[in-house]
Amino acid sequence: MPGDIRYLIFETQGGPCGIAWTAAGIVRFQLPGEDAETTRRLLTRRLPEAQAGAPPPDVARAVDAVKRYFAGEAVDFSGVALDLSDQSDFFLTVYDAARRVPWGATTTYGTIARDLGAGPEMAREVGQAMAKNPVALIIPCHRVLAAGGKVGGFSAPGGSSSKLKMLALEGISFAPPAPAQQSFGF
């Protein structure tokens, strides 16, 4: 990873988030933790050399976009510059595919595998890439579901319940449909 790494912990309506960057782009994003210290610890666990700092304008715009996202606003992160120089070519391809899944939409691990020209057997590897996503939300791994549209796992704090909350912010519900007919009550 090139150059100095800086980070910022900031509040959102979803809780404290963290973002880390280099001169090349955002290198890590931490979804809300229990508190600011937990978020900082989770963010810097893989970046022990990172130092707190004031974000440059492009990172400040990404922070603002994250705040708007957790306030329920439709946000497109596809233009956010990332520094994923430590990722494999396969992971980069998977992340590029996931970045194209828009707000309020979902796909599956198998669909991404197929779209990349691989068979369904590669769905597991796509899932591994999502689990290791260093910039969750910016690369919207929460929009990638297991087979049959099941929620699947989520490696962020809160696990699958966090994934469900993020999808709910985007208008995607996994609640059973309301009954079409109401009971007469007797």
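What share of the contacts in the protein chain with a separation of 6 or more comes from residues 24 or more positions apart? Such residues account for 58% of these contacts, a contact being heavy atoms within 4.5 Å.

This is a predicted model, in which local features need pLDDT of at least 70 and side-chain atom pairs count only at pLDDT 80 or more, while totals for chains, interfaces and linings use all residues. Residues are numbered from 1 along each chain as its sequence is written, and side-chain values use heavy atoms, with hydrogens and water left out.

The protein chain contains six helices and six strands, arranged along the sequence as β-β-β-α-β-α-α-β-α-α-β-α. Helices (H or I, at least four residues) and strands (E, at least two) are DSSP runs, numbered from the N terminus. Of the 186 residues, 45% are buried, meaning under 20% relative accessible area with a 1.4 Å probe, protein chains only.

| Helix | Buried residues |
|---|---|
| α3 (residues 89-99) | Phe-91, Val-94, Tyr-95, Ala-97, Ala-98, Arg-99 |
| α6 (residues 159-169) | Gly-159, Ser-162, Lys-163, Met-166, Leu-167 |

Gly-171, which follows α6, has a positive phi near 85 degrees.

Notes
Buried < 20%, exposed > 50% of the residue type's maximum accessible area, 1.4 Å probe, protein only.
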